[in-house]
Amino acid sequence: MSIKIKYLDNGIPLLMEKISNISTASLGVFVKTGAQDELPDESGISHYIEHMLFKGTKKRTAKELSEAIDMEGGDINAYTGRRSTVYYVKMLEDKIDKGVDILGDMFFNSTFTQENLDKERNVIIEEIKMYKDIPEDIVFDENIRYAIEGSQGNNILGTEESLKEISREKFLNYYKLMYNPSNIILSVAGKIDFDKIFNSLNKTFGKMKKASKSRKNNYSYKIIKGENLIKKDTNQVHLCVNARGISLLDERKYVSSIIGSVLGGGMSSRLFQKIREERGLAYSVYSYNSSFFEDGLFSVYAGTTKKDYKKVVKIIRDEFKEIKKNGIKEEEFIRCKNQILSSLVFSMENSKNRMERMGNSYILYGKVQNIKEVVEKIEKIKIEEIKTVASYMFDEAYYSSTILGNI
């Protein structure tokens with residue numbers, strides 16, 4: 001395995017990893033725009049653009065775009081996050097040029113007709129309505145919107161109201177502003193020929209013209225303390241209990257991952273055992289991190305009852321306090337560290353994951369972080385570091401919660 005970084009004629013970085021013992025190749029186009037970049041009257045526009053790139057070009061209809069990949073037995077898709085929008089194809093290694101052609105066609109020849117914009121706006125509004133029928137999804141969205149003040153709390157899908165305010169002119173202006181060489185990273189991993197893939201991408205994405213203007217960084221971030229009660233007629237009470245998390249750029253994030261695993265990382269975790277197995281108060285309970293450049297949010301989710309939800313919140317916060325005061329046991333430390341290391345290695349066993357790792361690493365650090373370096377950093381963590389990081393995370397000045405249900 002080997003990694004190279006080259007730059008297309010217009011400066012777009014191309015990250016390439018050759019993996020000789022597999023038969024696939026995955027190509028990703030990472031655009032550095034997401035929910036965090038959007039102004040209030042643009043809410044949801046990054047996700048809107050993601051949808052629209054699949055809706056037809058000057059050369060192909062929407063159906064022909066998907067059929068072109070399906071005919072080769074490949075996979076094409078995309079997703080929008082808070083800091084980036086990613087388009088990718090996964091193909092057999094000798095078919096990757098078809099993937100380059102399709103993604104290039106989408107980026108440079110999409111028509112964005114008013115008819116398609118109107119249709120897809122309605123599709124996304126239905127998507128928003130669908131999620132509103134799923135209490136677990138509602139509580140996640142409402143939780144981050146409540147717990148984080150500023151652009152990092154922006155909703156990825158936007159709202160029905162904000163989408164209706166996005167005219168074709170506003171759509172095209174945002175697209176031209178954000179979809180330019182200074183905002184794009186290409187990442188490819190698999191059984192590839194470095195020179196061949198570089199030449200192929202340079203003939204397509206290397207011709208992209210630089211934007212005449214750029215947008216000033218609009219990010220804002222502040223963790224809010226408090227309780228967010230949302231009354232909704234549901235069968236369960238859904239809750240998220242929050243503490244301060246760790247920045248994506250902070251080396252303590254690896255220690256935080258161990259703490260998260262100890263608390264809610266699986267069936268052997270403390271909260272799963274205490275809330276579900278010992279007391280039968282919930283079916284689902286787990287922890288997760290929402291990490292940003294500035295800081296982060298550490299959350300525990302549980303689905304419980306109106307009668308028991310206050311008990312569940314107390315158990316979660318008691319465990320925060322326990323780890324802050326006494327740390328964790330040696331066997332917990334070893335088990336959770338090994339789980340994280342195994343998960344990291346397992347995730348590297350296919351070309352798509354490796355492609356995504358390189359792209360995300362470059363967005364974060366301006367370089368591709370060597371997987372061996374990450375493994376070494378995790379292996380070097382000492383159990384004494386747990387209490388120190390827990391003292392930072394479990395500061396009650398940053399506690400918040402969102403409770404949704406018939407309360």
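## Salt bridges and buried sites

K307 is exposed, with a relative accessible area of 64% (exposed means over 50%, buried under 20%, partly exposed in between, with a 1.4 Å probe and protein chains only). This is a predicted model: local features need pLDDT of at least 70 and side-chain atom pairs pLDDT 80 or more, while totals for chains, interfaces and linings use all residues. Residues are numbered from 1 along each chain as its sequence is written, and side-chain values use heavy atoms, leaving out hydrogens and water.

**Overall build**
- The chain has 15 helices and 13 strands (DSSP runs numbered from the N terminus: helices are H or I, at least four residues, and strands are E, at least two).
- Of its 407 residues, 53% count as buried.
- The C-alpha atoms fill a box of roughly 60 × 50 × 40 Å along the principal axes.
- Among contacts (heavy atoms within 4.5 Å) between residues at least 6 apart in sequence, 82% join residues at least 24 apart.

**Salt bridges**
- The whole structure holds 25 salt bridges (a side-chain nitrogen of Lys or Arg within 4 Å of a carboxyl oxygen of Asp or Glu).
- D105 pairs with R60, with the closest N and O atoms 2.8 Å apart. D105 is in helix α3 and R60 in the loop between α1 and α2, so the bridge ties together parts 45 residues apart in sequence.
- D105 counts as buried because its relative accessibility is 2%. R60 counts as buried at 14%.
- K59, R60, D101 and D105 are linked in a network of salt bridges.
- K307 bridges to D308, with the closest N and O atoms 3.2 Å apart. D308 counts as buried, at 7% relative accessibility.
- R279 and E278 meet in a salt bridge of 3.8 Å, N to O. R279 is partly exposed at 46%, whereas E278 counts as exposed at 55%.

**Around T80**
- T80 lies in strand β4, residues 75-80. T80 counts as buried because its relative accessibility is 14%.
- The T80 and E50 side chains are joined by a polar contact of 2.5 Å (N or O atoms within 3.5 Å, one able to donate a hydrogen and the other to accept it within protein; residues adjacent in sequence count only if both atoms are side-chain atoms).
- Leaving out residues up to four places away in sequence, T80 touches S46, H47, E50, T85 and I156.

**Helix α7**
- Helix α7 spans residues 168-178, and F171, L172, Y174, Y175, L177 and M178 in it are buried.
- Cover for these buried residues includes β3 (24-31), α1 (45-52), α3 (96-109) and α4 (114-132).
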